[in-house]
Amino acid sequence: LSAPAVASVRSAIGSLVAPGFRRSLGDLKAVRKVTSGDDGGLSVTVELPIVGYSREAELRQQIEAEVRTAGAVAADVTVVGSVSGLHAGGKVGLKVANVLAVGSGKGGVGKSTVATGLALGLKNRGARVGLMDADVYGPSVPHLLGVHGPPGMREVKDADGQVLQRMIPLDGGGLPVMSMGFLVEREQAVVWRGPMLHKALQQFMQQTEWGELDYLVIDLPPGTGDVSLTLSQLVGLSGAVVVCTPQQVALLDAVKAVSMYNQVKIPVLGVVENMTGELFGRGGAKAEAEKLGVGFLGEVPAIAALRESADAGKMHECVEPGHPAAAALDAVAETVAIRCAEEVVKAGPAPSLQIL
């Protein structure tokens, strides 16, 4: 094909919207290469801003159709993935592309289960993920992952030669994990006011060896209290996930959670409906998300297998092939990754990453 024809094909491919996305490949700056070979075929490389994309075959078909329309005899289509992010944690020493908050308007909706499932699901898709349990009053993540005990410590020197103490996260099934539950006895209540809470969160952020991550998932306490405000001041979050159950009493509080995130300028990626099924109903969260003008991220069923794995401290089983909850958690993880990537594009170019 001639150079103008190749440019026309590139433009046509850029107008395509990959399945599951709401922005075009051109908006995502995903079309990396379109070249014509001597045999009249085209070589196309697309780089999506997520990893582990499950609908690659559908996207290939869309691209191949555009190439055939342009008159090329064949197409060699390559689809790769690389997580994009805001890198907004540099000011507190984080080498993390995206910080994601998982919250709810009220307790008892399975927020920690969804946060843990989300982190494991993102990891299972090939991303580098950490999980921070910021629910200091009722840390559940240690139990869900079956990890207990104090974190390790090591000394590092900063640029000025000062020796600093750094906490080493525990390994939760391949996830680096930090929780207040590692620092207090299981039966001990944490009775703190706001300033102490702020300091603890700052330490979890700044004094933990998270390493380089694509996503740091933060499990927030229920409600609309100090923690979300503190996080909005410490880092620029890529987005928040709101968890609720289908019944009306839970949806009322989810509305408040969305309002709170809007007030502190944290983008709302959408709503997850947890415990979907015969007991609590189905579809309430999706309908409410449409009313609020936010995305619906999927539903997690109320099934015994999920509860049993969580109670046994084996949440990692829930994302393994064959587990009854795996498909639902995987779908939520992919949708969250897509919405996060779209939010990053909307926010504009990432600032240069500066690690203190």
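Which residues in α3 meet which residues in α10? G117, L118, G121 and L122 in α3 meet L329, A333, V336 and A337 in α10, where contact means heavy atoms within 4.5 Å. Of the residues of this contact, six are nonpolar, two are polar and none is charged. Here Ala, Val, Leu, Ile, Met, Phe, Trp, Tyr, Cys and Pro count as nonpolar, Asp, Glu, Lys and Arg as charged, and the others, Gly among them, as polar.

This is a predicted model, in which local features need pLDDT of at least 70 and side-chain atom pairs count only at pLDDT 80 or more, while totals for chains, interfaces and linings use all residues. Residues are numbered from 1 along each chain as its sequence is written, and side-chain values use heavy atoms, with hydrogens and water left out. Helices (H or I, at least four residues) and strands (E, at least two) are DSSP runs, numbered from the N terminus.

Helix α3 covers residues 111–124 and helix α10 covers residues 326–347. Their axes come within 8 Å and cross at roughly 80°. An axis is a line fitted to C-alpha atoms, for helices over the stretch in contact, and angles run from 0 to 180 degrees between N-to-C directions. Angles under 35 degrees count as roughly parallel, over 145 as roughly antiparallel, 65 to 115 as roughly perpendicular and the rest as oblique. The helices α3 and α10 are therefore roughly perpendicular to each other.

L120 also lies in helix α3. Its relative accessibility is 1%, so L120 counts as buried; buried means under 20% relative accessible area, exposed over 50%, and partly exposed in between (1.4 Å probe, protein chains only). Leaving aside neighbours within four places in sequence, L120 is in contact with L145, G172, G173, L175, M315, H316 and V319. Between the C-alpha atoms of L120 and E64, which are 56 residues apart along the chain, the separation is 33 Å.

Helix α10 also contains E334. At 10% relative accessibility, E334 counts as buried. Its side chain is joined to that of S54 by a polar contact of 2.7 Å. A polar contact is a pair of N or O atoms within 3.5 Å; within protein, one must be able to donate a hydrogen and the other to accept it, and residues adjacent in sequence count only if both atoms are side-chain atoms. Not counting residues up to four places away in sequence, E334 touches G52, Y53, S54 and R125.

F21 is in the loop between α1 (3–14) and β1 (31–36), and Y53 is in the loop between β2 (42–48) and α2 (56–69), 32 residues apart. F21 counts as buried at 6% relative accessibility, and Y53 counts as buried at 10%.

The loop between α1 and β1 also holds K29. Phi of K29 is near 55°, a positive value in a residue other than glycine. K29 is exposed, with a relative accessible area of 63%.
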